[in-house]
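Here are my notes on the model, as numbered points. Please read them with the structure open.

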Amino acid sequence: MKIFLENPNLLIKEFNEMAAISQGKAFITVGIEIQKQEIETIKNYRTELIKLKKDFVTRKLENEANLIYCIDNSLLAIQFELQMLVNIKEDKMSEAWGNLVNAQVTYGTVIKNYPFELQSENGYIERLESYEKLLFPNLYFQSVGGIIKKSHCSICEQNYNKCDHVKGKLYNGEICCRIITEMDLEEVSLVENPANKHCRVLTIEQNGKKIDILTLREGSTTANNSKLPGKSGFSASLTEICF
Ligand SMILES: [Zn+2]
């Protein structure tokens, strides 16, 4: 293994301390203003991390860049978790679900790639799963099937089938994604364990009325759903499928 030019142990120690403080504020009982402030603290720290990563990439220090990716994304997962709690307090349930899924997906990329043991990993995925079970009702998901016509690799931008990069793996501090730009849709099916938990049924119809699955309120969906594409009761995101 390459020798780190900066002291990685110091960085990991700093990260673990920071993660412990942030996680200490990731409880539903903690004041919303304190959680919002913590989100900003994490964002600012991550800005510094990204600068450090760029420096490592320039110096072609791949292990170091990958370590920064893992630290950055572990903190990003906590940022999403805090945001989910804020969303719940602000009665933005659709966004809350979106942020929980973001936290799970983000942390999933870390677990698959981390080069060192990060303390905050202990049970974190299980913690996020507990939120899912305790705070949200059973949801219905969709899975899309089709023939990929055009896709490219996010690392080298070549046709995905023609390069050696593997989706979900880290290269110089960046995760490889297969970016699908053209696909023939063959089917959409209801599934229990989807690849993409953003892709869910938003409303059900009862007595001719559309009911939001999360809030049971009448109406198409919660107003804060604007970021998600698709207004016909389904939300889907097909642009980047990493896993
Ligand atoms: Zn590639």
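1. Accessible area here comes from the Shrake-Rupley method with a 1.4 Å probe. By that method, the protein chain exposes about 13,700 Å². Carbon and sulfur atoms supply 52% of that area. Keep in mind that this is a predicted model.

2. The protein chain has 243 residues, and 43% of them count as buried. Take the contacts between residues at least 6 apart in sequence: 71% of them join residues at least 24 apart.

3. How many helices and strands does the protein chain have? There are 5 helices and 7 strands. The order from the N terminus is α-α-α-α-α-β-β-β-β-β-β-β.

4. Now the second largest pocket. Its volume is about 410 Å³. It is lined by 16 residues, and the closest to its centre are Glu132, Asn138, Leu139, Phe141 and Glu192. By class, the lining splits into 9 nonpolar, 2 polar and 5 charged residues.

5. Which elements and domains supply this lining? Helix α5 (124–135) and strand β4 (178–191) each give at least two residues. The most comes from α5, with 3 residues. Domain 1 (8–135) and domain 2 (141–241) each contribute at least three residues to the lining of the second largest pocket.

6. Pro194 sits in the loop between β4 and β5 (203–206). Is Pro194 buried or exposed? Pro194 counts as buried because its relative accessibility is 13%, and the cut-off for buried is under 20%. Leaving out residues up to four places away in sequence, Pro194 touches Phe141 and Gln142. Pro194 and Gln142 are 52 residues apart in sequence, yet their C-alpha atoms are 6.6 Å apart in space.

7. Glu182 belongs to strand β4. Its relative accessibility is 40%, so Glu182 counts as partly exposed. Which residues does Glu182 touch, not counting residues up to four places away in sequence? They are Ile147, Ile148, Lys149 and Lys150. For Glu182 and Ile148, the C-alpha to C-alpha distance is 6.3 Å, across 34 residues of sequence.

8. Two backbone angles deserve a look. Lys60 has phi near 55 degrees, a positive value in a residue other than glycine. Lys60 is in the loop between α2 (32–58) and α3. With 66% relative accessibility, Lys60 counts as exposed. Asn172 also has a positive phi, near 50 degrees, and is likewise a residue other than glycine. Asn172 is in the loop between β2 (170–171) and β3 (174–175).

9. Last, Asn63. Asn63 is in helix α3 (residues 62–89). At 29% relative accessibility, Asn63 counts as partly exposed. How many residues along the chain lie between the positions of Asn63 and Tyr171, and what separates their C-alpha atoms? The two are 108 residues apart along the chain, and their C-alpha atoms are separated by 8.9 Å.

How values were computed
Residues are numbered from 1 along each chain as its sequence is written. This is a predicted model: local features need pLDDT of at least 70, side-chain atom pairs count only at pLDDT 80 or more; totals for chains, interfaces and linings use all residues. Side-chain values use heavy atoms; hydrogens and water are left out. On a 1 Å grid over the protein atoms alone, a cavity is a set of points where a 1.4 Å probe fits but cannot get out, and a pocket is an open set with protein on both sides within 12 Å along at least five of seven lines; lining residues have an atom within 4 Å of a point. Grid points are joined across faces, edges and corners, and a volume is the space filled by probe spheres set on the points. Helices (H or I, at least four residues) and strands (E, at least two) are DSSP runs, numbered from the N terminus. Ala, Val, Leu, Ile, Met, Phe, Trp, Tyr, Cys and Pro count as nonpolar, Asp, Glu, Lys and Arg as charged, and the others, Gly among them, as polar. Domain bounds come from an automatic or database domain assignment. Buried means under 20% relative accessible area, exposed over 50%, partly exposed in between (1.4 Å probe, protein chains only). Contact means heavy atoms within 4.5 Å.
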